[in-house]
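User: I have a model open beside me and would like to know what stands behind some of the words used for it. Could you take me through them?

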Amino acid sequence: KGGISALPEHNEVLAIRARGWIKECENERITELSSRLNVSEESLRLLNVGWADNTKSWVFPMQRMPGCLIGIRLRPLNGKKFAVRGSKNGLFIPNNLPDKGVVFVCEGESDTAALLTCGLNAVGRPSCNSGDRIVGELLTNHEVVVCADRDGVGRKGAEQLVDYLKIHASGVTMMLPPNQYKDMRDWLHGEGKEEVYTAAERVSQEVWGRAVHSGCDARGGVD
């Protein structure tokens, strides 16, 4: 009583459904979502996006670790996101997440896809005020850049994650988009991927004196 609750374990029932939806997702659906979000098709494939025809929704697996699926987020054509019954909030983890190095943590699946589009190693939280413990578990050997949204709630959530990761990661700092942009995807749309990547590189160099590494070997997926 009063202790820290156990983190959710792999849900094979949901994983079976996710695998089916990923396998059944036609290239046209990836192209359509890429156009809607203005992110690259490759970023969506790295996130194992699928298509659930019964709900006319795109499928985003939520994981605790690579290969440990704990939930599924659905993004219908109308944009009103919800989770499959039985889901727990997890992270949006790309297949190319490296075992160490600099990783950018943002809020939501679309911002994650935006940072991947820019060529950055990125992981997404389910919301601005959740997922701290599993981020710390996943990225304990990494330098982490927490990407904050410009709104007050988003920034507060990012600051809380930074505080948590000070003792759960190799290093941590925070990055904000320029004042005129609300979040990472908005920044990508406004200034392009080269500008976002350059700003991210500058943060990494200033804080840790190291370059941002991308394009690493695949580490995970929905097994």
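Analyst: Let's start with Ser35, which is found in helix α2 (residues 27–37). A helix here is a DSSP run of H or I with at least four residues, a strand is a run of E with at least two, and both are numbered from the N terminus. This is a predicted model, in which local features need pLDDT of at least 70 and side-chain atom pairs count only at pLDDT 80 or more, while totals for chains, interfaces and linings use all residues. Residues are numbered from 1 along each chain as its sequence is written, and side-chain values use heavy atoms, with hydrogens and water left out.

User: Why is Ser35 called exposed?

Analyst: Exposed means over 50% relative accessible area, buried means under 20%, and partly exposed is in between (1.4 Å probe, protein chains only). Ser35 has a relative accessible area of 58%, so Ser35 is exposed.

User: What makes β1 and β4 stand at the edges of their sheet?

Analyst: Two strands pair if DSSP finds at least two bridges between them. The open sheet has four strands in the order β1-β2-β3-β4, with antiparallel pairing. β1 (50–52) and β4 (82–83) each have a single partner strand, so one side of each is left without a neighbour in the sheet.

User: How do you know that β1 and β2 pair?

Analyst: β1 and strand β2 (residues 57–65) are joined in the antiparallel sense over three bridges, and the rule asks for at least two. Within this pair, Ala52 stands opposite Ser57 in β2.

User: What makes a space a cavity or a pocket?

Analyst: On a 1 Å grid over the protein atoms alone, a cavity is a set of points where a 1.4 Å probe fits but cannot get out; a pocket is an open set with protein on both sides within 12 Å along at least five of seven lines. Lining residues have an atom within 4 Å of a point. Points are joined across faces, edges and corners, and a volume is the space filled by probe spheres set on them. By this rule there is one cavity of 30 Å³ or more, and the largest cavity holds about 60 Å³. The largest pocket has a volume of about 190 Å³. Among its lining residues, the closest to its centre are Lys81, Glu107, Ser110, Asp183 and Arg185.

User: How many residues in the lining of the largest pocket are charged?

Analyst: Asp, Glu, Lys and Arg count as charged; Ala, Val, Leu, Ile, Met, Phe, Trp, Tyr, Cys and Pro as nonpolar; the others, Gly among them, as polar. By class, the pocket lining has nine charged, three polar and one nonpolar.
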